[in-house]
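Trainee: I would like to learn how to read a structure like this one. Please take me through it feature by feature.

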Amino acid sequence: MTWAVVVAATLTGVVTASLRYLALNGFSNDHYLYLAGAQQMLMGEWPTRDFVDPGMPLMYALSAGSQLILGQTLLAEATLVAVAYGFASACVVIAAWRASRSLVVACIAGLLCVAAFPRPYGYPKALLYAVGRC
């Protein structure tokens, strides 16, 4: 991997994370389902054993971890979402470069991640697939 790819991936990740953080004006009702599970984990309960889990313990754990680090506020969740989307777009740039060996194609793929602008609660889908291909 060349230094240009690393710079492009880093720049894309930082721009995406900044844009996602600054453009966030609240969470939809769907997002609070995950935050409720994270709060239950912070109170010592376990998914599936202590409360109904529709199959998202990793998302609960990430939200709970960010709340442990940054405090039990929505700022922790906003930061987690922004960083996750930024990391996902950086991984897309690297994966696209590996597939095409073209920095232009990689940057276009990274820009598509920024332009798609999915809902905040969809970050695990973007993150896991991007990291899996990176």
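**Reading the structure**

Mentor: Leaving aside neighbours within four places in sequence, Gln67 is in contact with Leu35, Ala38, Gln39, Leu42, Gln72, Ala76 and Glu77. Keep in mind that this is a predicted model.

Trainee: Where is Gln67 found, and is Gln67 buried or exposed?

Mentor: Gln67 is found in helix H3. Its relative accessible area is 4%, so it counts as buried; the cut-off for buried is under 20%.

Trainee: How do I read the sides of a helix?

Mentor: Start with the general idea. An α-helix has 3.6 residues a turn, so residues three or four places apart point the same way. Now take helix H5, which covers residues 103-116. H5 has 14 residues and reaches 20 Å from its first C-alpha to its last, close to the 20 Å expected at 1.5 Å a residue.

Trainee: Which residues of H5 are buried?

Mentor: In H5 the buried residues are Ala106, Ala109, Gly110 and Val114. Seen down the axis, these buried residues fall within an arc of 145°, so they line one face of H5. On the other side of H5, the exposed residues are Val104, Leu111, Leu112, Ala115 and Ala116.

Trainee: What covers the buried residues of H5?

Mentor: The cover includes helix H1 (3-23) and H4.

Trainee: Which residues of H6 are buried, and why are they said to be on the same side?

Mentor: Tyr123, Pro124, Leu127 and Ala130 are the buried residues of H6. They lie on the same side of H6 because they cover an arc of only 150° around the axis. The face turned away from that buried side carries Lys125, Leu128, Tyr129, Gly132 and Arg133, which are exposed. As for packing, the buried residues of H6 lie against H3 and helix H4 (74-100).

Trainee: Next, pockets. How much space lies in the largest pocket, and which residues line it?

Mentor: The space in the largest pocket is about 170 Å³. Its lining consists of Tyr34, Gly55, Met56, Leu58, Met59, Leu62, Tyr121, Pro124, Lys125, Leu127 and Leu128. A lining can then be read by element and by residue type.

Trainee: How do the lining residues divide by type?

Mentor: Nine are nonpolar, one is polar and one is charged.

Trainee: Last, the backbone. What should I look for in phi?

Mentor: Most residues other than glycine have a negative phi, and most peptide bonds are trans. Arg101 is a case, with phi near 60°.

Trainee: Where does Arg101 lie, and is Arg101 buried or exposed?

Mentor: Arg101 lies in the loop between H4 and H5. With a relative accessible area of 57%, Arg101 is exposed.

Trainee: Which residue follows H5, and what is its phi?

Mentor: Phe117 follows H5, and its phi is positive, near 45°. Phe117 is not a glycine. Its place is in the loop between H5 and H6. At 37% relative accessibility, Phe117 counts as partly exposed.

Terms used
Residues numbered from 1 in each chain as written. Predicted model: local features only at pLDDT ≥ 70, side-chain atom pairs only at ≥ 80, totals over all residues. Heavy atoms only, no water. 1 Å grid on protein atoms, 1.4 Å probe; cavity = no way out; pocket = protein on both sides within 12 Å on 5 of 7 lines; lining within 4 Å. Points joined across faces, edges and corners; volume = space filled by probe spheres on them. Nonpolar A, V, L, I, M, F, W, Y, C, P; charged D, E, K, R; others polar. Helix = DSSP H or I, 4+ residues; strand = E, 2+ residues; numbered from the N terminus. Buried < 20%, exposed > 50% of the residue type's maximum accessible area, 1.4 Å probe, protein only. Contact = heavy atoms within 4.5 Å. Arc of directions from axis to C-beta. Expected span 1.5 Å × (residues − 1).
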